[in-house]
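User: I am learning to read protein models, and I would like a close look at a single part of this one.

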Amino acid sequence: MVYKPNKSQDLESWQQVRAPYGVGYRIKLLSQLLARKFTERLEPFGLTPFHWVVLCCLWEEDGLPTSSIGEKLQQVGGTLTGVLDRMEERGLIRRERDCRDRRIWRIWLTDAGKELETALPPIAVEIREQAMSGISYAEREQFSQLLNQAINNLS
């Protein structure tokens, strides 16, 4: 059986997707607010939120191929290449060719990149806690699962 809304339900659905009420708009607004706060806090380190996510990938598993980082972050190569260039210039990472496949570049943290693992996560936790104030841990987990489901639905 196919669901067919009546006219009043169509109007109600339209009201729910219009900005600033739509979930997409509110998720974008939340993303922008989080990015602004995080950017402010990363500025003294000369980093951006994109540097943060790359560092997180490498703290989890150092020596990843560039393509694996792009897949994890769902990024296109050109954008990631520029970020890696800047990170290399700042001495946070180094690139090495894979010893078994010379077409592959592996990304390794330098000591400076590794040291940031103690300084940056507490900043991210602080911002998360500010954003999630008044929301229970169970609700946070449910929110995260719902976001993952919506992302998977559109991927």
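How many disulfides does a search of the whole structure find, and how far is the sulfur of Cys 56 from the closest cysteine sulfur?

Analyst: This is a predicted model, in which local features need pLDDT of at least 70 and side-chain atom pairs count only at pLDDT 80 or more, while totals for chains, interfaces and linings use all residues. Residues are numbered from 1 along each chain as its sequence is written, and side-chain values use heavy atoms, with hydrogens and water left out.

The search of the whole structure finds zero disulfides, a disulfide being a pair of cysteine sulfur atoms within 2.5 Å. For Cys 56, the closest cysteine sulfur belongs to Cys 57 and lies 7.2 Å away, which is too far for a bond. Cys 56 has a relative accessible area of 26% and is therefore partly exposed, whereas Cys 99, at 71% relative accessibility, counts as exposed. In these terms, buried means under 20% relative accessible area, exposed means over 50%, and partly exposed lies in between, with a 1.4 Å probe and protein chains only.

Of its 155 residues, 24% count as buried.

The largest nonpolar core holds 25 residues, and those that touch the most other members are Val 54, Leu 55, Leu 58, Ile 69, Met 87 and Leu 120. Such a core is a set of buried Ala, Val, Leu, Ile, Met, Phe, Trp, Tyr and Cys residues joined through side-chain atoms within 4.5 Å. Helix 3 gives the largest share of this core, seven residues. Leu 120, apart from its neighbours within four places in sequence, is in contact (heavy atoms within 4.5 Å) with Leu 42, Phe 45, Leu 47, Trp 52, Leu 55 and Trp 59.

Leaving aside neighbours within four places in sequence, Thr 110 is in contact with Gly 91, Leu 92, Ile 93 and Arg 94.

Definitions and conventions. Helices (H or I, at least four residues) and strands (E, at least two) are DSSP runs, numbered from the N terminus.
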